[in-house]
Amino acid sequence: MNDFRFTKLEGLGNDFLIIEVDDVSTLRAATQIALHLCNRNFGAGADGVVFLTRDPSDDADFNSRIYNSDGSEAGVSGNGTRCAAAYVYYAGLWSAPEVRIRTIAGIKRGRLVSRSEARFEFEFDMGAPRLASSDVPMLLEHGLERVVSYPINLGGEPVEVTCLSMGNPQTVIFVPELEAVDFEELGPLIEHHPVFPDRTNVEFVEVVNRSTLRIRIWERGAGHTLSSGTGSCASAVASALNGLTERAVDVRTEGGDLHVEWRLDGTVALTGPAEVIYEGRWLRG
């Protein structure tokens, strides 16, 4: 793939490059492509790349694979999947009210809420969170059915974390004031903590009230991002698990607001925008 086209989209500042391919199951050089394209000085610049193709099965409409800016593959991305959905409508590949996109973490179903030119809003069913320590995964001497306010050692100091999987590992830390947190230092320390064998995404969460959260995000494989769909879902679930909020909340990220509802059936609904920014052609090897 030395000469190919891509489209850049963003979901509240969390930006992705969408590339159509013949078959996502036979990707070649995906890691190298992500590393080159996502570079903000020598490439197009993005938090990740989404490779997308039609899905020939009956249970999904499109198939996707998502790679972070460091070249690692992500199981799922809430914002990335929403950007992929916006792309298929924008490109004229899809027009039905709902779209099903297969990810490594399962099929995500999106409902088009609104469209204004190249800006779209979707409600996506992100599936049910997995709460056991083995699902995150975490290396604990004794497994836990739920990892709520669990202390981990960080530089000699215990830090309480609430952990779960939204198809990718999530670690939530509640803080009284976001601005007082050195998350650029703490984020990578937690991401690479030995208790997380597959690393972890990290969300620092300030509870504004029982229906509103403010968060800052350190993403596994991407670092500081302005927004995260799965991170917002994890923050909402963790807040409800700790009794700090109701099950439906507005999540204020640095890039803008998402709405998350942990439904009574156990699934999580994520509502937010995605916008097409530009189309490009990659010419470098």
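The paragraphs below go through this predicted model from its overall form to single residues. Local features are taken only where pLDDT is at least 70 and side-chain atom pairs only at pLDDT 80 or more, while totals for chains, interfaces and linings use all residues. Residues are numbered from 1 along each chain as its sequence is written, and side-chain values use heavy atoms, with hydrogens and water left out.

The protein has four helices and 17 strands; these are DSSP runs numbered from the N terminus, with helices being H or I over at least four residues and strands being E over at least two. Its radius of gyration is 18 Å, close to the 19 Å that the globule rule gives for 285 residues, so the protein is as compact as a globular protein of that length. The radius is taken over C-alpha atoms, and the rule is 2.2 Å times the number of residues to the power 0.38. Along the principal axes, the C-alpha atoms fill a box of roughly 50 × 40 × 35 Å.

Of the 285 residues, 54% are buried. Buried means under 20% relative accessible area, exposed means over 50%, and partly exposed lies in between, with a 1.4 Å probe and protein chains only. The protein exposes about 12400 Å², of which carbon and sulfur atoms supply 47%; accessible areas come from the Shrake-Rupley method with a 1.4 Å probe, and for residues only the protein chains shown count as cover. Among contacts (heavy atoms within 4.5 Å) with a separation of 6 or more, 62% are between residues 24 or more positions apart.

Helix H1 spans residues 30-38, and its buried residues are Ala-30, Ile-33, Ala-34, Leu-37 and Cys-38. They cover an arc of only 105 degrees around the axis, which puts them on the same side of H1. The arc is that of the directions from the helix axis to the C-beta atoms. An α-helix has 3.6 residues a turn, so residues three or four places apart point the same way. The cover over the buried residues of H1 includes strands S1 (4-11), S2 (14-20), S3 (48-54), S4 and S17 (268-282).

Helix H3 covers residues 183-191, with Phe-183, Gly-187, Ile-190 and Glu-191 buried. Viewed down the axis of H3, these residues fall within an arc of 100 degrees, so they line one face of the helix. They pack against strands S9 (147-154), S11 (169-174), S12 (201-209), S13 (212-219) and S14 (223-225).

Glu-191 in H3 has a relative accessible area of 4%. Leaving out residues up to four places away in sequence, Glu-191 touches Arg-199, Thr-200, Val-202, Trp-218, Glu-219, Arg-220 and Gly-221. With Arg-199, Glu-191 forms a salt bridge whose closest N and O atoms are 2.9 Å apart. A salt bridge here is a side-chain nitrogen of Lys or Arg within 4 Å of a carboxyl oxygen of Asp or Glu. Arg-199 itself is partly exposed, at 22% relative accessible area.

The whole structure holds 16 salt bridges. Lys-8, Asp-15, Arg-40 and Asp-47 are linked in a network of them. Asp-47 and Arg-40 are joined with their closest N and O atoms 3.2 Å apart; Asp-47 counts as buried at 9% relative accessibility.

Ser-64 lies in strand S4 (residues 62-68) and counts as buried at 4% relative accessibility. A polar atom of the Ser-64 side chain lies 2.9 Å from the backbone oxygen of Arg-102. Neighbours within four places in sequence aside, Ser-64 is in contact with Val-24, Val-50, Phe-51, Leu-52, Ile-101, Arg-102 and Thr-103.

Asp-125 belongs to strand S8 (residues 119-125) and is partly exposed, with a relative accessible area of 25%. A polar atom of the Asp-125 side chain lies 2.9 Å from the backbone nitrogen of Gly-127. Apart from neighbours within four places in sequence, Asp-125 is in contact with Lys-108, Arg-109, Arg-263, Thr-267 and Val-268. Asp-125 and Asp-265 are 140 residues apart in sequence and 12 Å apart in space, C-alpha to C-alpha.

Note on methods. A polar contact is a pair of N or O atoms within 3.5 Å; within protein, one must be able to donate a hydrogen and the other to accept it, and residues adjacent in sequence count only if both atoms are side-chain atoms.
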